[in-house]
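Please keep the structure in view while reading.

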Amino acid sequence: MSVIVIGAGMTGIAAGYYLRMNHIPYTILEAKSDLGGVWHSHRWHGARCDSDFIKYSFSFRPFLSDRCLQSRSQIQAYLRDVAQEFGILEHIRLNTRVLKAVFDSPRQCWSVHTANGVFTAQFLINGNGYFGDEPYVPAFKDEARFKGEIIHTSHLDDQRKFPDKKVVLVGSGSTAICAAPELAAVAGSLVLLQRSPSYIYEISNDAAPLIRLCQNLYRRGLRTPVRWLRSYLQLRDDVIFLGFRRFPRLARWFFRQHWRPAVGEQALREHFNPRYNPWEQRIAVAIGLKEKLRSGAITMKTAEIERFTELGIVLSTGETLRCDVCILATGLNLRFFAFDLYLDNVRIALERINFYKGLLLGGIPNYFHPMGSWHSAWTQRAEPLLCSAARIMSHMRKHRLGAVNVPRQELEVKPGITPNYVMRSLATMPRLQATTDIPSIDNLFSDRFMPAGLRFAKARSSGELGQALAPAAEMAK
């Protein structure tokens with residue numbers, strides 16, 4: 001029994017831990033030159049996680065800090081420490097991009113084709129997340145006339161500074177809200193230009209007394225309070241999500257009260273009054289945005305870009321913004337599958353496929369694709385799902401089973417949230433099945449292994465069950 005894991009980000013490293021705990025050989029294939037996933041590749045100013053990091057970090061190695069949210073560099077350092085502490089680093093193959101994966105039905109195993117050869121294993125765990133490397137760059141009229149620089153945040157390094165430059169940051173989602181205060185500190189001037197308003201919630205980033213207390217107890221060897229804390233924070237997030245969706249007028253009132261004292265009534269109506277209801281899209285978390293707006297370090301504008309000129313941007317309102325550097329925080333293209341999957345010689349159609357409990361895809365044998373929740377910390381769902389995947393594999397080893405899957409179905413799509421990056425990819429998104437997508441509810445059942453909902457097949461031969469990766473993979477010349 002052996003496993004190939006795709007990606008050395010949050011999901012891949014957690015997979016390595018749970019496979020190790022269950023004594024299952026594995027190799028992690030990472031396309032980039034270092035581990036960390038998005039926390040390695042996203043280097044724009046202010047890149048960070050917008051979930052309480054005590055909740056986002058792994059349950060088996062919680063990250064203790066007096067700050068709620070952590071920066072990109074801190075997260076990558078944390079992931080490296082975890083990978084080193086639990087012996088995961090030696091299982092990671094860097095600079096190994098997967099091109100396709102083929103399940104061999106007679107042999108009941110996967111062949112994963114990469115630029116560095118072919119790796120084989122009985123199981124495949126896809127941990128490449130859902131954001132690809134390709135940025136979403138809208139086309140703007142007359143942008144070729146612009147004499148300044150247009151750069152997407154995915155190509156931006158936080159070491160760059162823009163002294164004496166007029167910078168326009170285009171976007172209204174989490175990337176723009178995280179980046180704006182940091183860019184304002186290194187630019188001559190900054191305009192935050194949003195096509196339409198989004199919901200934003202500002203925090204101080206100081207850990208609450210309860211979080212500090214639980215962390216102090218953990219340092220003293222009492223680990224249960226941190227486990228309770230993580231469950232409490234998840235329950236809080238789920239209640240807020242469900243409450244805001246159920247009572248949108250109350251939620252809108254909450255955000256008006258949150259921003260009115262900082263920006264005033266006119267700016268509130270113009271820049272903080274979204275067209276949609278709270279939690280129909282992700283809520284951006286800000287640090288320091290209110291102060292930057294009050295001081296004038298950031299100027300906010302709400303309008304569409306009509307066209308570019310040689311020296312700036314003309315808005316749909318008729319206003320012209322002088323601009324030396326235009327930074328696009330317009331997001332990335334959603335991509336659940338970074339490579340094609342084949343069942344023997346037939347390419348698997350992934351459009352409208354059922355996504356059973358956010359872990360297994362209908363009709364695809366020995367394939368696990370743990371999916372986090374849209375509205376909460378990724379690890380709160382992905383980690384229990386990986387634990388379930390390891391439990392399924394251990395069950396199969398014990399009972400000499402060779403393959404597992406769930407029946408394929410084509411379902412109607414019901415996205416949990418409706419931001420542009422989801423709606424652009426709606427036709428190709430897997431359809432969640434047999435899950436509430438509310439981690440506090442789903443995780444209650446994550447420790448229960450119920451084989452009745454799965455289809456198993458006996459192993460074809462004893463030799464294939466014992467087949468392991470070398471070094472764990474067989475390289476094809």
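A disulfide is defined here as a pair of cysteine sulfur atoms within 2.5 Å. By this rule, the count of disulfides is zero. The model is predicted, so local features need pLDDT of at least 70 and side-chain atom pairs count only at pLDDT 80 or more, while totals for chains, interfaces and linings use all residues. Residues are numbered from 1 along each chain as its sequence is written, and side-chain values use heavy atoms, with hydrogens and water left out.

Buried means under 20% relative accessible area, with a 1.4 Å probe and protein chains only; exposed means over 50%, and partly exposed lies in between.

| Cysteine | Closest cysteine sulfur | Distance between sulfurs | Relative accessible area |
|---|---|---|---|
| C68 | C49 | 11 Å | 12% |
| C178 | C49 | 9.2 Å | 6% |

The sulfur of C68 is too far from that of C49 for a bond, and C68 counts as buried. The sulfur of C178 is likewise too far from that of C49, and C178 is buried.

The protein chain as a whole may now be considered. Buried residues make up 53% of its 477 residues. Its C-alpha trace spans about 70 × 50 × 40 Å along the principal axes. Contact means heavy atoms within 4.5 Å; of the contacts between residues at least 6 apart in sequence, 74% join residues at least 24 apart.
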